[in-house]
Amino acid sequence: MRYLPKNQTVLALETSCDESAVAVLTIEPLNGMQLMANCIASQVDEHAKWGGVVPEIASRRHLESLPFLVEKALFDSGLSIGDIDTIAATVAPGLAGSLLIGSLTGRTLAALHDLPFLGIHHLEGHLASVTLSANSPKPPFLLLLVSGGHTELIEVVDFGKYKRIGRSHDDAAGEAFDKVARLLGLPYPGGPSIEKISRDGDPKRFKLPKGRVSRPEGGFYPYDFSFSGLKTAMLRLTQSLEKSSDFFPKEDLAASFEQVVAEVLVERSLKCAEDLKMETLVMVGGVAANKRLRKMMSQRCLEKGVNLHLASKDFCTDNAAMIAAAALIRIQSEVEPSSMKLGVAPRWRLEQANLLYGPNPPF
Ligand code: KG4
Ligand code: ZN
């Protein structure tokens with residue numbers, strides 16, 4: 001970490017999906033990072049009624065929650081807005097309306113208080129979540145980012161220098177958890193629901209497909225993912241079991257599904273790390289909170305001699321502390337602030353994150 005001439009305090013907003021969040025993070029040259037406040041107003045209960053995120057409801061709730069969350073974050077941190085050096089907000093990717101609320105609130109705060117504004121890429125936020133732990137990894141490393149919207153293997157040459165090596169061609173792993181949970185009659189979000197009941201299930205009871213993506217010229221993409229076949233297999237299995245037996249083995253189905261998703265993620269990540277000769281693997285994102293996956297990844301990395309860094313469970317699902325951490329990384333690399341005219345981009349790749357800074361906004 002480079003020496004910073006003075007303390008830096010960031011107030012960050014995260015509103016890309018269904019969590020409204022505000023955090024205050026400080027870095028002191030001698031003491032490192034200190035999370036001063038981390039506030040979240042989860043909308044999960046409201047979206048659970050509909051079985052998934054309803055974009056219009058999400059935007060409205062962000063709009064209602066943010067003023068209170070900003071005040072609470074400042075109160076919790078014991079700071080006032082005059083102590084803040086930079087305002088940051090997620091501007092891509094995510095739900096357009098939700099991103100707009102966070103970005104507009106951030107830019108308004110910055111303009112009102114004459115502060116620089118940094119637009120943050122949500123996936124860079126997830127990546128930065130691992131720096132909130134005591135033992136933060138140094139690039140280069142391989143990143144497995146597994147969330148509700150993304151399943152990607154990314155070579156992190158340095159912070160800001162990214163190369164996507166693998167991705168899902170259909171559903172993200174978290175999306176598969178959410179859809180399969182609905183099939184099993186479990187509440188949204190599916191990941192924690194499946195994790196809870198699969199504790200009492202047999203993960204080897206059902207053999208499920210590992211979803212490979214064919215190359216047009218033959219063979220498979222070695223580092224890519226596909227979860228749609230697995231989802232269909234779960235649907236067929238569920239339907240036939242509902243018809244044929246009196247007892248529906250929900251726990252075994254959940255455990256077998258969780259097991260195969262974890263195996264696929266672990267196997268492909270380790271193959272990628274081995275082929276790229278990466279000594280360090282980092283796992284972040286909502287699905288990275290999953291216990292079975294964390295345990296399996298830890299064991300296999302130990303066997304293969306790969307250093308593994310897991311984001312702390314508290315920072316795997318969406319939060320604003322990770323957005324503030326990404327902002328501090330950007331401040332350390334001395335980027336120019338984002339333009340006040342920077343808009344939002346619902347689909348914007350991590351490789352394009354550097355374009356968010358400077359006077360000419362890309363969108
Ligand atoms: O990172 P995140 O909060 O939001 C996105 O950026 O997408 O990830 C949310 C996803 C949801 O699909 C949720 O079901 C999944 O992460 N998830 C989990 C667990 N906790 C959250 N999946 C598996 N096991 C968990 N414990
Ligand atoms: Zn996320």
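Over how many bridges do strand β2 (residues 19-28) and β3 pair, and in which sense?

## Basis of the model

This is a predicted model, in which local features need pLDDT of at least 70, side-chain atom pairs count only at pLDDT 80 or more, and totals for chains, interfaces and linings use all residues. Residues are numbered from 1 along each chain as its sequence is written, chains are lettered from A and ligands numbered from 1 in the order in which they are written, and side-chain values use heavy atoms, with hydrogens and water left out.

Strand β2 (residues 19-28) pairs with β3 over ten bridges in the antiparallel sense. Within this pairing, T26 stands opposite Q34 of β3. Two strands pair if DSSP finds at least two bridges between them; helices (H or I, at least four residues) and strands (E, at least two) are DSSP runs numbered from the N terminus.

Both strands belong to an open sheet of five strands with mixed pairing, ordered β3-β2-β1-β4-β5. The edges are held by β3 (32-42) and β5 (117-121), each with a single partner strand, so one side of each is left without a neighbour in the sheet. On average, neighbouring strands of this sheet are turned by 20 degrees against each other, direction ignored. Axes are lines fitted to C-alpha atoms, for helices over the stretch in contact, and angles run from 0 to 180 degrees between N-to-C directions.

Helix α3 (residues 96-112) packs on the sheet and touches β1 (8-14), β4 (86-92) and β5, with a direction at about 160 degrees to that of β4. Contact here means heavy atoms within 4.5 Å. Helix α10 lies across β1, β2, β3, β4 and β5 and runs at about 135 degrees to β1.

## The sheet β8-β7-β6-β9-β10

A further open sheet is formed by five strands in the order β8-β7-β6-β9-β10, again with mixed pairing. Here β8 (161-167) and β10 (307-310) stand at the edges with a single partner strand each, so one side of each lacks a neighbour in the sheet. Strand β6 (residues 141-146) runs antiparallel to β7 (residues 151-158), and six bridges join the two. L143 has I154 of β7 as its bridge partner.

## Helices α5 and α8

Helix α8 (residues 250-275) lies across β6, β7, β8 and β9 (280-284), and its direction is at about 160 degrees to β6. The axes of α8 and helix α5 (residues 173-183) come within 12 Å and cross at roughly 170 degrees. The two helices are therefore roughly antiparallel to each other (angles under 35 degrees count as roughly parallel, over 145 as roughly antiparallel, 65 to 115 as roughly perpendicular and the rest as oblique).

In this contact, A173, A176, F177 and V180 of α5 meet F257, E258 and V261 of α8. By class, the contact has six nonpolar, no polar and one charged residues (Ala, Val, Leu, Ile, Met, Phe, Trp, Tyr, Cys and Pro count as nonpolar, Asp, Glu, Lys and Arg as charged, and the others, Gly among them, as polar).

## The zinc site

The zinc ion (ligand 2) has H122 (NE2), H126 (NE2) and D318 (OD) as its protein donors, at 2.0 to 2.1 Å. Donors are N, O and S atoms within 2.8 Å of the metal (3.2 Å for Na, K and Ca); water is not among the atoms, so sites may look incomplete. The four donor atoms around the zinc ion subtend angles of 97 to 128 degrees, which makes the arrangement tetrahedral (four donors count as tetrahedral if all angles lie between 85 and 135 degrees).

The donor residues are spaced H-x3-H-x191-D in sequence. H126 lies in helix α4 (residues 122-128) and D318 in the loop between β10 and α10 (321-332), so the pair ties together parts that are 192 residues apart in sequence.

## Backbone features in loops

The peptide bond from P139 to P140 is cis, with omega near 5 degrees; P140 is placed in the loop between α4 and β6. Y188 and P189 are also joined by a cis peptide bond, with omega about -5 degrees.

Definitions and conventions
Tetrahedral: all angles 85-135°; square planar, octahedral: opposite > 155°, others 65-115°.
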